[in-house]
Amino acid sequence: MDKRWSMPKLSLVIIAIAFLWIKTFIAYHASFNISTDNFMQDLILFINPVSFLLLIFGVSLLFKKEKTRNIYVIVTSFILTGILFANMVFYRFFNDFITLPVLFQTNNFGDLGGSAMENIYVTDALYFVDVLILIVLAKYKPTFMVFNEPTKLKRRAYFLVAIATFFLNLGLAETERPQLLTRTFDREMLVKNIGTYNYHIYDVYLQSKQSAQRALADSNALTDVHNYVEANRAEPNSEFTGIAEGKNVIIVELESVQDFVINNEMNGEVITPFLNELTQDEDTIYFDQFYHQTEQGKTSDAEFILDNSLYGTPRGAVFFTHSGNEYQTMSHQLNDEGYFTAAMHANNKSFWNRDIMYENFTYDRFYDLQDYVVGEGDAVNWGMKDIPFFEQSVDHMTEMEQPFFSKMITLTNHHPFYLDEEDKMIEEYDSNSGTLNRYFQTVRYTDESVKLLFEDLKESGLYEDSIIIMYGDHYGISENHNTAMSQYLEREITPYESAELQQVPFFVHMPGYGEGETISKVTGQIDLKPTILNLLGIEDKESMQFGQDVFSEENDNMTIFRDGRVVSDEFVYAGEICWDKESGEEVDKENCRSIIDKAKDELAFNDEIIYGDLLRFYDNKNGKLLENEIIEE
Ligand code: GP9
Ligand code: MN
């Protein structure tokens, strides 16, 4: 046969790239919920892993020795597969891509336990098969392959192609999504356009930028933020000022409880009988349009928002990424007023970096796992069951100096929503999502635990001297379960519905109040701090914060999500579409313009505060901006 017509021989690099390219593309479709709207987006999605793969594997061409080249290719392939795999597992759980700070939360990953296992499938092993193939090829050197050192010319051509692909990708992405890299709040869009590997590099770059930002920030940056905060401040409602003065404050952060279960049924069974009763109770004010505002930091974000009336960060968990910042927390303000402050949560104290962060927030005491006796049958799923947790927490509270502020965080109603047989009070639901099916049962359990908490509090004598504030920390059912959710709700889950599903219940229970009602103002977690301080009669005119007293006449009736979605009493902005709040119909985007802009400004100011650690330049007692020199003294 004429030699000139034989197939060109393949190198290990090319085979490794081809394998990873295919795998990444399969993962995009099989594991990540990435949707595309047009051919261009499909094309970008298809080519986006290549530029990175060409460059990273291209490094091997610089090695002289064949063995070094092969080892480099195999190890790189293994590491990249590992990254892809970690992203897949993470995505199944959080519906999101890993960011660098989250990677360092290894403690959390260890503790995920059952959840992590639920999200690893046997078939995932297939993702690693090609690495084995590469090893076999390198060892047996089949004739269709070439292992020689590439010529200078070939090497140059290779890198030229790699760089050209990189810019082609970036160019296409830029036309499809202008300002892609400047608007980083949407990770999915980034991955979709520049590829999962380039995304990680970009993430590393952002992280380094963050460290630099703090170093460079000075007090001048605070002036604009301060002006915005002042203009946004709402005068608290004086009718509520001090109505709980001197009382203990008992906060219950209800794990993953969403508002759609309240006053609702599942296959004819009531899901939250006790909480439903509270919505009608004369001593309870229930908010049925209250939204969580958390992001990747989940529970810890909800805690951050509660204590600071600031938003968390768009990426990672602020509890980890900015635990060294100076904060001016509600806990601190309460300490100044003579309150004993405590956080209670029966998990390892380092989970979500809580031990460090609570110290920073100046909590007087953190009752963690070690402060609880977890007897036989007292634990399920992630750890201690809510019922014994509340029981023992009430015991702890009776020992506390009064008045106290105690924050309890429940755990049983957490993904994957497992429960012991004896704790199941209602049937499972019957959709294609085991997660949603079990969710109703664990929510039902949490409801029962809250009922018992109220009884325990009454028995202990604490009840009359306390107010009880309860709210859901974040969603429990992610968008991965839309099909099942739409079966349950009997309607399609549009971006509007998804946004509305971010409502979590919010109760203000004040024994002896007597004027309970349901309030349908649009409010969110950011409003908790100013609301609570006003109820206690603690004046707070200067805090650097974005929330407003929920009872205030001046409350702006809108809630900004950390990802830029916004809800007002009239409109919902979600999925880049403006929707009528009442009907869920699409309306002209101009209707949402002002709330979109406000959200952008507010989130940007928030990030300036956190990234620049700006509160170190601010005195929240008298509202003074401090000069850099004073700080350094
Ligand atoms: C862990 C618990 C759960 O201690 O608060 O955290 P989450 O996964 O919901 O953020
Ligand atoms: Mn949570």
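**Classification of residues, salt bridges and a pocket**

User: Where is Ser77 found?

Analyst: In this predicted model, Ser77 is found in helix H3, residues 66-94. Helices (H or I, at least four residues) and strands (E, at least two) are DSSP runs numbered from the N terminus. Local features need pLDDT of at least 70, side-chain atom pairs count only at pLDDT 80 or more, and totals for chains, interfaces and linings use all residues. Residues are numbered from 1 along each chain as its sequence is written, and side-chain values use heavy atoms, without hydrogens and water.

User: Why is Ser77 called buried?

Analyst: Its relative accessible area is 0%. Buried means under 20%, exposed over 50% and partly exposed in between, with a 1.4 Å probe and protein chains only; Ser77 is therefore buried.

User: Which residues does Ser77 touch, not counting those up to four places away in sequence?

Analyst: Ser77 touches Leu20, Phe57, Asp130, Val131 and Leu134, where contact means heavy atoms within 4.5 Å.

User: What makes Arg354 and Glu303 a salt bridge?

Analyst: The term requires a side-chain nitrogen of Lys or Arg within 4 Å of a carboxyl oxygen of Asp or Glu. The N to O value for Arg354 and Glu303 is 2.9 Å, so the pair meets the definition. The pair joins distant parts of the chain, with Arg354 in helix H16 (residues 354-360) and Glu303 in helix H13 (residues 298-308), 51 residues apart. Both Arg354 and Glu303 are buried.

User: How are Asp336 and Lys621 classified by accessibility?

Analyst: Asp336 has 48% relative accessibility and therefore counts as partly exposed. Lys621 has a relative accessible area of 63% and is therefore exposed. Their side chains meet in a salt bridge at 3.5 Å, N to O.

User: Why is Arg565 called buried, and what is Asp563 called?

Analyst: Arg565 is buried because its relative accessible area is 17%. Asp563 is partly exposed because its value is 22%. These two side chains also form a salt bridge, at 3.0 Å, N to O. The structure holds 24 salt bridges.

User: What is the volume of the second largest pocket, and which element gives the most to its lining?

Analyst: The volume is about 610 Å³, the space filled by probe spheres set on grid points joined across faces, edges and corners. A pocket, on a 1 Å grid over the protein atoms alone, is an open set of points where a 1.4 Å probe fits, with protein on both sides within 12 Å along at least five of seven lines; lining residues have an atom within 4 Å of a point. H8 gives the most to this lining, with six residues.

Technical notes: Chains are lettered from A and ligands numbered from 1 in the order in which they are written.
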